[in-house]
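Hi,

Here's the structure I said I'd pass along.

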Amino acid sequence: MDNIKQYVQQNKERFLNELIELLKIPSVSADSAYTQDVIDTAAAVKASLEKAGCDFVELCETPGYPIVYGEKIIDASLPTVLVYGHYDVQPADPIELWTSPPFEPVIKTTELHPEGAIFARGACDDKGQMYMHVKAFEYMIQNNCLPCNVKFMIEGEEEVGSSSLGWFVERNQEKLKNDVILISDTGMISNQQPSITTGLRGLSYVEVEVTGPNRDLHSGLYGGAVANPINVLTKMIASLHDENNHITIPGFYDNVQELSAEERAEMGKRPFSEEAYKKALDIAEVYGEKGYTTNERNSIRPTLDVNGIWGGYTGEGAKTVIASKAFAKISMRLVPNQDWEEITKLFTKHFESIAPKSVKVVVKPHHGGQGYVTPIDSIGYQAASKAYADTFGVQPIPVRSGGSIPIVALFEKELKSKTIMMGFGLDSDAIHSPNEHFGVFNYLKGIETIPLFYKYFVELSK
């Protein structure tokens, strides 16, 4: 693998152009208007795996969108790496906040990305990071240095809860049998200091509906006499946190795993500037649960956030109404040992209990998943650490992420193998937000680093 840097540089423009073509397809799994685009993206991923050198590739039908499965088995006695990624993307809304159209990829230079970054929905999450694995595999095939077996499982429903993936994994355990699972759907500290994600938070996502009168009412004729569902909803939401930003749902913290002072001290060694953090977000002060640092609040502590709230009249000008209904979407990020289904039940019971008799409340669960922590003494972690050290010149730091990849816990339960999360994105890449982007440096560095993981994993497995 001595020539990998040279191979990446020689094929740089092709690698970028291929990713750009993939990013042009608006594979938004949450919106049925894009159904055909999601299916077209699956076909494009299948074609890319075939071209890269897989001996067998298929589109596996599921109750939802198809899963792209590919494999290259060179010797059954060798280890097998299962690569997971997803080809679906988040909705691009609000479109007006994008500086360039979300599905017309462009490369722009930024302060953090002087070599340029690809701006498009899905650039980092997860098409760009998933495609690094396809190109890394291509390199190993072209240079006859693939040291083990490879399987690919690329799904199209990660952004809506991966319900079909669980269905697929349960029915295809022999097909998916592996020695380690490799995922690039996370980030790293900086382009100078790589890191490996060792923990993920779980997730419970719900939608709530508050109904008052049977129709919208004139706010002059009825105001003050009939409960306003929007007012009621905002009060109910406000009551979900106390003055210390502690979540008030009874039983919510019962199974929260408290880290020791020693573990928290180790986490505190991660390079972090609170001033730079505030400046990057244009905020005057950080915010969160009392007694914890910023990096603890967004990784080892559970949260509850309103992701959207609406009701009544929101168009141009004025319309004096008391709305019949009000709605909100609420997500709870959970830590290991918090069961997402149990938390959803606790939320539902509590939210219904705090509603005044003047309104009716419905809680609709959407999806969720369990948290996950992977050990740093495994062969997989050591192989990833050596790979990053080779290409970045410094040892990666283990970190816990605040994000959620619900299927990671499922993989361990069903496939009995550990997952290694080799992310190459940055926190500033605006995933799930307008102007999502992925650095050209990061994309190419991922392609350069991933083959070394294979090399070291096989060597350490002997």
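V458 sits in helix α14. This is a predicted model, by the way, so please read everything below with that in mind. With a relative accessible area of 9%, V458 falls under the 20% cut-off and therefore counts as buried. If you skip the neighbours within four places in sequence, V458 touches P79, P147 and C148. P147 is 311 residues away along the chain, yet its C-alpha atom is 6.8 Å from that of V458.

Helix α14 (440-461) also turns up around α2, being one of the elements that cover the buried residues there. Others include α1 (4-10), α3 (35-52) and α4 (127-142), plus the strands β4 (106-108) and β5 (117-119). The residues they cover include F15, L16, L19 and L23, and E18 is on the buried list of α2 too. I also checked the length of α2 (residues 12-23): twelve residues at 1.5 Å each should span 16 Å, and the end C-alpha atoms are 17 Å apart, so the two agree.

Then there's α7 (residues 229-238), where P229, V232, L233, M236 and I237 are buried. Those five cover an arc of only 130° around the axis, so they lie on the same side of α7. K235 and A238, on the other side, are exposed. Among the elements covering the buried residues of α7 are β9 (202-211), β11 (303-311), β13 (325-334) and α11 (340-353). At the N-terminal end, α7 is capped by N228, with a side-chain oxygen 2.9 Å from the backbone nitrogen of I230.

Cheers

Conventions
Residues numbered from 1 in each chain as written. Predicted model: local features only at pLDDT ≥ 70, side-chain atom pairs only at ≥ 80, totals over all residues. Heavy atoms only, no water. Buried < 20%, exposed > 50% of the residue type's maximum accessible area, 1.4 Å probe, protein only. Helix = DSSP H or I, 4+ residues; strand = E, 2+ residues; numbered from the N terminus. Arc of directions from axis to C-beta. Contact = heavy atoms within 4.5 Å. Polar contact = N/O pair within 3.5 Å; in protein donor to acceptor, adjacent residues only side chain to side chain. Expected span 1.5 Å × (residues − 1).
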